[in-house]
Amino acid sequence: AAASGGGLWRWPATGLARAVRTFCGSERAAAALRAEQLAERLRVRRSEEKKREIPKDPAQRRVRKLAMLSKQLQQVHPNVLAKVLKQGTVYQNEEIVVINKPYGLPVHGGPGIKNCIADVLPILAKMLESMKAEPLHLCHRLDKETTGVMVLARSKEVADRIRLLFKTRQVEKVYWAISLGDPDPTEGIVEIPIVEKEVQSHQPHYKMTLAPNYRLSPEDGKVVKIRKNRNAESAVTRYRLLASSYACSLLELQPITGVKHQIRVHLAYGLGCPILGDHKYSHWSKLAPQKLPKITLKRLKLEQSKARHLPLHLHAHRLSLPLGKRIDLVCKPPLFFQKTLEKLELDIPKD
């Protein structure tokens, strides 16, 4: 207000309101424009970052693509996942359906898991048969990161029969794995019990580990029998070296028993040859990306800083099932496994 003629002159109420509205409106418009400009700058920056992040090397692109595919499998609709499994069907008859399990897909549900094989079995059954098809049944399990032969039963009775065959060790299982280093000797049997233990580190976590029944005496170096860990499970793995080059090996593995993470633990801690891409069992006291030899990194055209994206190279190659007559079921390794074999010049044996 201003003094005029000895009194106060006031802005008419309507004019003041209009001025305030005009001022506020222009401020909001300016704020909206600034927000839009900021959003556009962020979009441009993200786009540039993505372009920079895309690896030029095809090997690194494959590693990234596989990690993205694993993530996408957790986000797709169950019908889409069932269709992916249907496309991976390698054998079926009136009793069983056999799929080539994809990488990164868990068999069972759990915390943080949206999609798993168990949940889409009813949908898969309908896709394979008809709308009235009975849901398929799990007969055994594979780790989330393991690929290959997986048997599903068309009825509960058949599933029970196959589970008993697994339990009584009548099913012959053959895995392929690419490992770091060569096992010594090149062929043999690892027979060391396995137990789950908590690892005390800056990130406390649980791992399966060896619980041997024998140790070497520090006094005379003789083998001494020690007290058995009551929680340990008997674990037996037969192994054979198929090929070796560039500080890596292609191994054929036959797990005689079926303990959790058995092959991974026996290779890493029993033979000192962890599986390529096994970041969990390449170290004991920490959770960290696997450290790769320089010659291996060079052949894979991979930087050590990107090694954390390297997938587990463990594949359930063949399964021999005695159902009346013996059925031999074979699955080719996934493309990323085959590409790694090519880069490391590891020859796949002819079956």
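The following questions and answers cover salt bridges and one surface patch in a predicted model.

In this predicted model, local features need pLDDT of at least 70 and side-chain atom pairs count only at pLDDT 80 or more, while totals for chains, interfaces and linings use all residues. Residues are numbered from 1 along each chain as its sequence is written, and side-chain values use heavy atoms, with hydrogens and water left out.

Student: How many salt bridges does the rule give?
Tutor: Side chains of opposite charge can pair when their charged atoms come close. The rule asks for a side-chain nitrogen of Lys or Arg within 4 Å of a carboxyl oxygen of Asp or Glu. By this rule the count is 12.

Student: Which helix holds both Lys156 and Asp160?
Tutor: Lys156 forms a salt bridge with Asp160, with the closest N and O atoms 3.1 Å apart. The two residues are 4 apart, about one turn of the helix. Helices are DSSP runs of H or I with at least four residues, strands are runs of E with at least two, and both are numbered from the N terminus. The helix, residues 156–167, is H5.

Student: Is Asp160 buried, partly exposed or exposed?
Tutor: Arg163 also forms a salt bridge with Asp160, the closest N and O atoms being 2.9 Å apart. Arg163 and Asp160 are 3 residues apart in helix H5, so about one helical turn separates them. Buried means under 20% relative accessible area, exposed over 50%, and partly exposed in between (1.4 Å probe, protein chains only). At 35% relative accessibility, Asp160 is partly exposed.

Student: Which strand contains Glu252, the salt-bridge partner of Arg240?
Tutor: The side chains of Arg240 and Glu252 meet at 3.2 Å, N to O. Arg240 lies in strand S13 (residues 236–245), so the pair ties together parts 12 residues apart in sequence. Arg240 is partly exposed at 34%, whereas Glu252 is buried at 19%. The strand of Glu252, residues 248–255, is S14.

Student: What is the area of the nonpolar surface patch made by Tyr214, Leu216 and Val223?
Tutor: Patches are made of residues with over 30% relative accessible area and no salt bridge; like charges are joined within 9 Å, and nonpolar side chains (Val, Leu, Ile, Met, Phe, Trp, Tyr) within 5 Å. Val223 is in strand S12 (residues 223–225) and counts as exposed at 59% relative accessibility. Accessible areas come from the Shrake-Rupley method with a 1.4 Å probe, and for residues only the protein chains shown count as cover. The patch area is about 340 Å².
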